[in-house]
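Subject: Structure handover

Dear colleague,

Please find the structure below. My notes on it follow.

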Amino acid sequence: LCFVFKQATERIRIEIISLCLTESRIASDETIQQLFVECRLYSFLAEETPLSLPKPTSGQRIHFNYSSVIHVDMANNRARREYLKSMLLKPNLHTDSLQFTVVSDPPEDEQDLECEDIGFAYVSLREVLQKQRDIIEQDIDVFDSQDDTAVIGKLKVTVEALHALHSVYEECKDD
């Protein structure tokens, strides 16, 4: 039983639940029609919602209900684990967070257009460990990619990382 529990804790589970937009340049921009969300842990890993959804009107939410697991066990994912360890030992704002990127997906008939990052949201893994609390179905601010002081919406996410971070943190103390 102990072994099974240990395996279950050696992972970070991320859920991208829904997105709503505030009144902003994004909401009024006619060229932005379809959105998807990408999640990355530093430079390691990028996951994205498999579908892009129609941009929500003000006050509406679009639901991705997408879930993904990042394995950080020592046996198979040593590099990710070492990264988490270095992150806990040397704090740095940009590397200790999961970054969520809201991306505009060009319409089918305009595939010559590029996908465009329109906003960013962050969950600090260091904070999860400090507060001893996973993020469960929490709205986080999405900041405009062109003006990082402007909030363009809320992204509802779950990030279950506490057990994995604990495990890595205990290892740091052992080293």
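Of the 175 residues of the chain, what percentage count as buried? The share is 46%, where buried means under 20% relative accessible area, exposed means over 50%, and partly exposed lies in between (1.4 Å probe, protein chains only).

This is a predicted model, in which local features need pLDDT of at least 70 and side-chain atom pairs count only at pLDDT 80 or more, while totals for chains, interfaces and linings use all residues. Residues are numbered from 1 along each chain as its sequence is written, and side-chain values use heavy atoms, with hydrogens and water left out.

Secondary structure

The chain has 5 helices and 9 strands; both are DSSP runs numbered from the N terminus, helices being H or I of at least four residues and strands E of at least two. Along the sequence they come in the pattern α-β-α-β-β-β-β-α-β-β-α-β-β-α.

Strand β6 (residues 97-105) runs antiparallel to strand β7 (residues 116-124), and 8 bridges join them. Two strands are taken to pair if DSSP finds at least two bridges between them. Within this pairing, Gln 99 has Tyr 122 of β7 as its bridge partner. Strand β7 also pairs with strand β8 (residues 135-144), again in the antiparallel sense, over 2 bridges. There, Gly 119 stands opposite Asp 144 of β8.

Salt bridges

A salt bridge here is a side-chain nitrogen of Lys or Arg within 4 Å of a carboxyl oxygen of Asp or Glu. The count comes to 12 salt bridges. Three of them are described here.

Arg 81 and Glu 10 form one, with 2.5 Å between the closest N and O atoms. Arg 81 lies in helix α3 (residues 78-89) and Glu 10 in the loop between α1 (2-9) and β1 (11-21), so the pair ties together parts that are 71 residues apart in sequence. Both Arg 81 and Glu 10 are buried. These two residues also belong to a network of salt bridges that links Glu 10, Arg 81, Glu 82, Lys 85 and Glu 171.

Glu 160 forms a salt bridge with Arg 13, the closest N and O atoms being 3.2 Å apart. This pair links distant parts of the chain, with Glu 160 in strand β9 (residues 147-160) and Arg 13 in strand β1, 147 residues apart. Glu 160 is partly exposed at 25% relative accessible area, whereas Arg 13 is buried at 18%.

Arg 61 forms a salt bridge with Asp 139, and their closest N and O atoms are 2.8 Å apart. Arg 61 lies in strand β5 (residues 61-71) and Asp 139 in strand β8, so the pair ties together parts that are 78 residues apart in sequence. Arg 61 counts as partly exposed at 28% relative accessibility, and Asp 139 counts as partly exposed at 32%.

Backbone

Which residues other than glycine have a positive phi? Asn 65, with phi near 45°, is one of them. Asn 65 lies in strand β5 and is exposed, with a relative accessible area of 56%. Glu 137 is not a glycine either, and has a positive phi of about 40°; Glu 137 is found in strand β8.

Loop between β6 and β7

Glu 108 lies in the loop between β6 and β7. Glu 108 counts as exposed because its relative accessibility is 71%.

Regards
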